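These are my notebook entries on a structure that I looked up part by part.

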Amino acid sequence: MSLQVALFFLFGIGAIASAIGTITRRNPVAAAVNLIVHFFMLAGLYLTLQAQFLAILQILVYAGAIMVLVVFVIMLLNLGNEEALREQFTLRKVLGAAIAAIFMLQLGVLFNASPSQRYLSPAAASLGTAESIGQALFTTYLFPFEAISLLLLAALVGAIILAKRKVE
Amino acid sequence: MSSLVLTLIKGAIALNVALVVAAALVYLERRISAWIQYRIGPNRVGPFGLLQPLADVLKLYTKEDIVPYNASKPFHRIAPIISIAVALSVLCVIAPASYLLLDDGTKLFIAVAPNVNVGLLFYLALSSIGVYGIVLAGWSSNNKYSLLGGLRSSAQMISYELAMGLAAVAAVMVSGSLDMNQIIASQSGGRWNIWFQPLGFLIFLVASFAETNRAPFDLPEAEPELVGGYHTEYSGMKFGLFYLAEYANMFTASAVMTTLYLGGYDMPFLPTLLGLQEGTLPRVLFELAVFVGKVSVLLFLFIWVRWTLPRFRYDQLMNLGWRVLLPLGLANIVITGAIVFFVR
């Protein structure tokens, strides 16, 4: 077993374990920390698949920015009343389980449909670099890229208006 | 020797160098602050007080480790480890010298992880992770001053990370790469980025001060308002790890600024004047000396500023980050982009 494969399994098991930790911890901070560990494991998985840029972005954006905000809010609100949340929204849980099952099914179909795609092609290695992702984003996918930027801007403006409502 | 073993050896050397530098910085900080304040400073332990850091570490190791009652123990334990681990792991992408040409023609790169395609992003990513050490320390201590320090730190780091990233983007546009070795190569012969990016350098410098929680941005541990901030409830070597992480962070931030703006190990004219061929041992030693020299200047600046400028107020800190540095960073990108587009 090569080092790469060993690391793949290491990160994979870590990712699954921390994902389970995220949804089973009652303490919100513990759940958030588990999620951060999960993001790191995902970044490790991307690295074993030669996608350096994606791995770093995973840490920079999710673990470094979004989760910092999540942890910030958890601490600011000092969430402790997690017992009250237990066993509510049963319909939501059923729906969630159904969607998860459909997703698993899709994954299974995908993996069985194209056995040749299971292995990393040599061309895939060059796909993970900053250059190729930048090229793709600013040429082929320029319009979706700009549209998403606009959407994020709209969300930002909306958030600011909601926050400032009381002032005006 | 396989590349894995080689990398491990280089990593071990880098770790030891960083820890020794951090200890030396503690001593230098005390001596320089004493000099600035017209005091004498530590001068009892060893010649010129040089063994003071050793005595400090010994003291920290033998102190009682107090964990507050009702603290969240696992997080209280892991927070200083996160801080120091993040501070040290950034070192692996830093290139303090170029390469050594071996007898069989292969290049032995001095950096632990040379030619990483996303080297600079790695630094930005890990420096944004460093906040967890402080936030978790603040939260797990179960102390309102600690919590306030942790919250301040996370707000501060998110704010200044953006400005830092924007400044780095402009520098990357000039250099044309995210790879630390290539960023340095693009600045060879004295074409350092600081000449083309004076504003970017200033933004990056200010943001680095904020990211490392150094004065005038040391609000997370502002002692008149927050006792000791996030490390109020830490004692013994756990406190020592936070302390060490601060100096390790200073060291890595200086090394990254040297790489990004000051040409890294580049020194124009002198190597050719001295007849130092690329890839030879004297050249590598020369490059190391140049790199260490530049980093030392920045480290002195860090210490000098701390003992000169008063601390910011919290609203001033946020205003500076969001209303001054962020727009300046964006303008810098637009101007740099236009110049790079029309000139090249």
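This is a predicted model: local features need pLDDT of at least 70, side-chain atom pairs count only at pLDDT 80 or more; totals for chains, interfaces and linings use all residues.

**Entry 1: Phe204(B) and its core.** I then looked up the largest nonpolar core, which has 106 residues. Phe204(B) is among those with the most contacts inside it, along with Leu120(B), Tyr123(B), Tyr160(B), Leu260(B) and Tyr261(B). Which helix gives the most to this core? I noted helix α11 of chain B, residues 236–261, with 13 residues.

**Entry 2: α4(B) against α6(B).** Next I examined how these two helices lie. Their axes come within 11 Å and cross at roughly 175°. An angle over 145 degrees counts as roughly antiparallel, so α4(B) is roughly antiparallel to α6(B). From α4(B), I listed Leu120(B), Tyr123(B), Leu124(B) and Ser128(B) as meeting Glu161(B), Met164(B), Gly165(B), Ala168(B) and Val172(B) of α6(B). I recorded six nonpolar, two polar and one charged among the residues of this contact.

**Entry 3: α5(B).** Is this helix buried or exposed? Ten of the ten residues of α5(B), residues 131–140, are buried, so the helix is largely enclosed by the rest of the structure. The buried residues include Tyr132(B), Leu136(B), Trp139(B) and also Gly133(B), Gly138(B) and Ser140(B). I then asked what covers the buried residues of α5(B). The cover includes α2 and α3 of chain A, together with α3, α4, α6 and α11 of chain B. After the helix comes Asn142(B), for which I noted a positive phi, near 60°.

**Entry 4: His38(A).** I turned to chain A and located His38(A) in helix α2. Its relative accessible area is 16%; the limit for buried is under 20%, so His38(A) counts as buried. Apart from its neighbours within four places in sequence, His38(A) is in contact with Ala15(A), Ser18(A) and Ala19(A).

**Entry 5: Confidence in chain A.** Lastly I checked the pLDDT values. Chain A averages 81, and 83% of the residues score at least 70.

Conventions. Residues are numbered from 1 along each chain as its sequence is written. Chains are lettered from A and ligands numbered from 1 in the order in which they are written. Side-chain values use heavy atoms; hydrogens and water are left out. A nonpolar core is a set of buried Ala, Val, Leu, Ile, Met, Phe, Trp, Tyr and Cys residues joined through side-chain atoms within 4.5 Å. Buried means under 20% relative accessible area, exposed over 50%, partly exposed in between (1.4 Å probe, protein chains only). Helices (H or I, at least four residues) and strands (E, at least two) are DSSP runs, numbered from the N terminus. Contact means heavy atoms within 4.5 Å. pLDDT is the predictor's confidence in each residue, from 0 to 100. Axes are lines fitted to C-alpha atoms, for helices over the stretch in contact, and angles run from 0 to 180 degrees between N-to-C directions. Angles under 35 degrees count as roughly parallel, over 145 as roughly antiparallel, 65 to 115 as roughly perpendicular and the rest as oblique. Ala, Val, Leu, Ile, Met, Phe, Trp, Tyr, Cys and Pro count as nonpolar, Asp, Glu, Lys and Arg as charged, and the others, Gly among them, as polar.
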